[in-house]
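This report describes the packing of helices and strands in the structure shown below.

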Amino acid sequence: MRVEIDAGVAVITIDRPEVRNAIGFATVDELDSALDRVLESEAAVVVLRGGGDRAFVSGGDLKELSSIRTHEDAVSMATRARRMLDRVAAFPVPVIAALNGHALGGGAEVAIAADVRIAADDIKIGFNQVSLGIMPAWGGAERLAQAIGRGRALLAIATGEVYDAEAAQRLGLVDLVVPRDAFDDEWRALARRMAATAPGTTRAVKAVIAAADPSTRPDLEADATEAFARLWTADAHWAAVEALEERRRPS
């Protein structure tokens, strides 16, 4: 995790391009620490992005998470990641997800936890956990329904549809789409423009909007993580994981 703070803009980079910025336990802890550092600063805007240009976040780190086999451990894992993303969603400073690459599965859950999503025009995004026999459990299902509506969210999650940037923008899943060659300039300009307001403005605006439209539902945590754990420990999930690993093995 890299954190850069300059002129009121905090940039947090999940810098694991060798595994397409997948989320593991250390990543969760480091993101918490990064948010602590931002809180101690005078940052007015946070930008969350992935390292490299292939992936924003590819999802959970399957290699690391494959050791989780019991219902209790699956609940614990989902709860831990969910609370981290709840913190992102409820952060007092506006959070921009700069989608420098694909955001799939858990990566889409990270993206939807942000307040604003700006994407390069060649990225793809999708809540495709169903392809592994599981479901979003990090608060993404609720946040997606809030962002695009209940019916569209159900279709997106139940089918595992992966959207290109323009389709995601039409759906309301992405707010801004910009050309790849201008992407870094565009998200930086957006962040600087938001940070250039009078001190305290962005926090005040975020607080008012959050009060009117809460981005976290802690009351749903237990049911969501329990449902996820049942799917995680089912034979269908591990068969899907094995099939995925088989496809990735060199021939």
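## Contact between two helices

In α4, residues E109, I112 and A113 meet G140, A141, R143, L144 and A147 of α5; contact means heavy atoms within 4.5 Å. By class, this contact of α4 with α5 comprises five nonpolar, one polar and two charged residues. Here Ala, Val, Leu, Ile, Met, Phe, Trp, Tyr, Cys and Pro count as nonpolar, Asp, Glu, Lys and Arg as charged, and the others, Gly among them, as polar.

## Basis of the model

The model is predicted: local features need pLDDT of at least 70, side-chain atom pairs count only at pLDDT 80 or more, and totals for chains, interfaces and linings use all residues. Residues are numbered from 1 along each chain as its sequence is written, and side-chain values use heavy atoms, with hydrogens and water left out.

## Helix geometry

Helix α4 (residues 106–113) packs against helix α5 (residues 140–148) at an angle of about 55°, and their axes are 9 Å apart. Axes are lines fitted to C-alpha atoms, for helices over the stretch in contact, and angles run from 0 to 180 degrees between N-to-C directions. Helices (H or I, at least four residues) and strands (E, at least two) are DSSP runs, numbered from the N terminus.

## The sheet

Six strands form an open sheet with mixed pairing, in the order β1-β2-β3-β5-β7-β10. Its edge strands, β1 (2–6) and β10 (176–178), each pair on one side only; two strands pair if DSSP finds at least two bridges between them.

Strand β7 (residues 116–120) pairs with β10 in the parallel sense over three bridges, and A119 stands opposite V177 in β10.
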